[in-house]
Amino acid sequence: LQPCRITSKRMDFKYSKDGKELAEYYDDLRKQHELDCQQYNKPNDCHALGEFYETVDKNFTKAAEVFRGLCERKYGRSCYRLGSMHMAGRGVEQDVKQAFSYFEQACSNDNVEGCQNVAMILRSGNAEGVPQDGKRALQLFESACDKDFRNGCFMASVMLLKGEAGVARDGPRALDLAVKACDLNHTWGCVNAARMLEIGDGVVKDQQRSELYKQRARELAESS
């Protein structure tokens, strides 16, 4: 959520047992978000209002209305949120095919999370009305990875390591992507890189490098 633009109120008040002060604060914050959206009509301001409805008020129907309007304005973040709501059936009908459509719109409007979810659905082949397409899924994962989205790197690595969904197995490429995921602090990217190098799974064994990625995996796991 974007911070409230009201800066004159103190933020260090003590909450009463009945939550009155907290409720008043949220009321003020809601009004400010609504005012920002109405006054400036900027997608990021209105998206913040939709997130407030969704996460604070738990008014999913109202949040979906805001996100839908913004998605029609080609605001990728809102298309992604609306797709997520359709996946979960939160405030809208649960509909994976509809969710997929919104994720595609998000992806088309530069939202990397939307691209990642399109790829996940295409990889699985389990969504009714959405046929499996491993080649396109891999392309989307790698595109997300190019934007330093670590889950994209990891999932592309997994597909190439296993040879999933009609994608040819490619050990060296899978390792490169696992290493990049690890460099981006993805614990399982480090784990997979270490394992591949330890047992020579599609690549030449390298115990010294394997130990480095094992250590990095441990560090990430301990810090999470």
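**Salt bridges and a helix**

Mentor: In this predicted model, Glu211 and Lys214 form a salt bridge, with their closest N and O atoms 3.4 Å apart.

Trainee: How are Glu211 and Lys214 placed in helix α11?

Mentor: They are three residues apart in α11 (residues 207-223), so about one helical turn separates them. Glu211 is partly exposed because its relative accessibility is 40%, and Lys214, at 22%, is partly exposed as well.

Trainee: What is the general idea behind such pairs?

Mentor: Side chains of opposite charge can pair when their charged atoms come close. The structure holds 15 salt bridges. One of them joins Asp27 and Arg30 at 2.7 Å, N to O; both residues lie in helix α1, three residues apart. Asp27 and Arg30 also belong to a network of salt bridges with Asp57.

Trainee: Asp201 and Arg195 meet in a salt bridge too. Is Asp201 buried or exposed?

Mentor: Asp201 has 15% relative accessibility, under the 20% cut-off, so Asp201 counts as buried. Arg195, at 40%, counts as partly exposed. Their N to O distance is 2.7 Å.

Trainee: What span should helix α2 have?

Mentor: At 1.5 Å a residue, the 13 residues of α2 (residues 43-55) should span 18 Å; the end C-alpha atoms are 18 Å apart, which agrees.

Trainee: How many residues of α2 are buried?

Mentor: Buried residues make up 10 of the 13, so α2 is largely enclosed by the rest of the structure. Among them are Cys46, Leu49, Phe52 and Tyr53. The buried residues of α2 pack against α1 (20-40), α3 (60-72) and α4 (76-88).

Technical notes:
Residues are numbered from 1 along each chain as its sequence is written. This is a predicted model: local features need pLDDT of at least 70, side-chain atom pairs count only at pLDDT 80 or more; totals for chains, interfaces and linings use all residues. Side-chain values use heavy atoms; hydrogens and water are left out. Helices (H or I, at least four residues) and strands (E, at least two) are DSSP runs, numbered from the N terminus. The expected span of a helix is 1.5 Å times one less than its number of residues. Buried means under 20% relative accessible area, exposed over 50%, partly exposed in between (1.4 Å probe, protein chains only). Contact means heavy atoms within 4.5 Å. A salt bridge is a side-chain nitrogen of Lys or Arg within 4 Å of a carboxyl oxygen of Asp or Glu.
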